[in-house]
Amino acid sequence: MKAKHYLMLAIMLLILICSYIYKKISKESFSLSSRGMIAFSNTPANDNNEIYLINADGSGLQRLTNHQGRDCAPAWSPDAAKIAFYVHYDNLNTWSIHVMDADGSNIQRLTEKIGVRDHSPSWSPDGKQIVFSRGTSDSAEIWRMNADGSNLRKYDSVIGGGPEWSPDGTRITFHSNRDGNSEIYVMNADDSNQRRLTNNNADEWWPSWSPDGSQIVLQSNRDGNYEIYKMNSDGTNQTRLTNNPAEDAEPDWSPDGEKIAFSSFRDGKFEIYVMNSDGSNQTRLTNLSEHNIQPDWRPISIDTTDVDNGNSLDSSPKSFELFQTYPNRFNVITTKRYAKQPSIVSIRIIRIKG
Ligand SMILES: [Ca+2]
Ligand SMILES: [Ca+2]
Ligand SMILES: [Ca+2]
């Protein structure tokens with residue numbers, strides 16, 4: 001009798017644990033839209049910029065770097081494990097791309113060319129390459145390299161800067177003044193098929209893709225001062241999102257597609273703001289001294305298991321595919337097609353980070 005009681009107790013306990021885990025999984029999955037963390041650069045007067053993190057609701061401010069030098073323009077790797085950024089040297093004459101672990105440790109300098117301004121790093125969605133701007137006194141170039149700094153090479157046919165890789169990896173958007181004033185362009189990732197997306201007498205800068213690749217957000221002074229605009233990724237349907245006399249700049253789309261972070265001078269210095277992707281609910285997040293600039297959303301990284309055999313699946317390429325399933329992203333169990341065998345598997349989302 002005693003053994004039976006123990007067995008029943010054990011079964012009940014197991015049911016309770018399973019139900020708790022299931023509820024936890026459901027809750028985590030369904031709260032995806034309220035998540036979000038943003039990295040940005042704080043620019044104190046002593047020129048010792050540091051990278052900070054803040055949650056998209058304004059909570060959880062933390063300084064990530066404690067590193068001598070101006071640490072600028074953080075860019076999360078697609079699996080959120082690393083951050084690329086750039087640092088000034090030689091009295092601002094040399095700017096170099098760096099990478100660090102997401103906890104601020106293990107800082108490595110990837111580019112070292114003296115007298116050029118390497119900036120605006122952006123990762124390929126498979127995490128294997130970094131594309132960036134290289135400015136000299138008389139040229140604006142776009143370069144790429146492997147994520148460890150090897151195989152550095154220039155896009156020979158491109159004049160421009162501020163590159164950002166598309167979420168599906170096939171295209172790169174950038175700004176360029178090759179046609180007389182700055183406009184937004186897009187090209188294939190091999191630099192073929194370069195197309196101009198904007199065409200006006202004002203300046204357009206800092207394009208950033210929506211997570212499904214269908215839209216691009218940018219800054220433009222076409223209406224008298226810099227505002228944030230969005231457009232379809234073919235340049236149609238250009239829509240203004242901000243409307244105030246101060247500079248609004250450096251927009252970055254959230255990984256769930258619902259929000260846009262940007263910097264704004266509307267309070268007398270640059271602060272990090274977020275708004276809904278239709279421009280509503282513009283909210284200031286930062287309250288640090290000096291300017292707070294160059295926001296970059298942390299990607300949502302999704303860990304999954306194969307429902308049929310319980311194997312854990314490799315997270316980054318698959319979480320990238322899951323991003324593409326919007327608006328069906330809230331399903332705890334999803335069926336996906338993979339190149340590897342078996343080609344179709346059912347996967348359970350076990351953890352969402354971001
Ligand atoms: Ca620093
Ligand atoms: Ca223009
Ligand atoms: Ca403005």
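Helices (H or I, at least four residues) and strands (E, at least two) are DSSP runs, numbered from the N terminus. By that rule the chain holds two helices and 28 strands. This is a predicted model, in which local features need pLDDT of at least 70 and side-chain atom pairs count only at pLDDT 80 or more, while totals for chains, interfaces and linings use all residues. Residues are numbered from 1 along each chain as its sequence is written, and chains are lettered from A and ligands numbered from 1 in the order in which they are written.

**Burial and contacts**

- A residue is buried if 20 or more other C-beta atoms lie within 10 Å of its own, exposed if 12 or fewer, and partly exposed in between, with C-beta atoms placed from the backbone.
- Of the 354 residues of the chain, 41% are buried.
- Two residues are in contact if their C-beta atoms, placed from the backbone, lie within 7 Å.
- Counting contacts between residues at least 6 apart in sequence, 42% link residues at least 24 apart.

**The largest nonpolar core**

- A nonpolar core is a set of buried Ala, Val, Leu, Ile, Met, Phe, Trp, Tyr and Cys residues joined through C-beta atoms within 7 Å.
- The largest one has 64 residues, and Ile38, Ile83, Ala84, Phe85, Ile260 and Ala261 have the most contacts inside it.
- Strand β5 (residues 82-89) supplies the largest share of this core, five residues.
- Beyond four places in sequence, the residues that Ile260 touches include Val217, Ile228, Trp253, Val274 and Met275.

**The sheet β20-β21-β22-β23**

- Two strands pair if DSSP finds at least two bridges between them.
- Four strands form an open sheet in the order β20-β21-β22-β23, with antiparallel pairing.
- β20 (248-253) and β23 (283-284) are the edge strands, each with a single partner, so one side of each has no neighbour in the sheet.
- Four bridges join β20 to strand β21 (residues 259-264) in the antiparallel sense, and Asp252 stands opposite Ala261 in β21.

- In strand β12 (residues 161-165), five of the five residues are buried, so the strand is largely enclosed by the rest of the structure.
- β12 pairs with strand β13 (residues 171-176) in the antiparallel sense over three bridges, and Trp165 has Ile172 in β13 as its bridge partner.
- Five residues lie between the two strands of this hairpin, where Gly169 takes a positive phi near 80°.

**Ser176**

- Ser176 lies in strand β13 and is buried, with 20 other C-beta atoms within 10 Å.
- Leaving aside neighbours within four places in sequence, Ser176 is in contact with Ala140, Ile159, Gly160, Ser182, Glu183 and Tyr185.
- The C-alpha atoms of Ser176 and Pro163 are separated by 9.9 Å, and the two residues are 13 residues apart along the chain.
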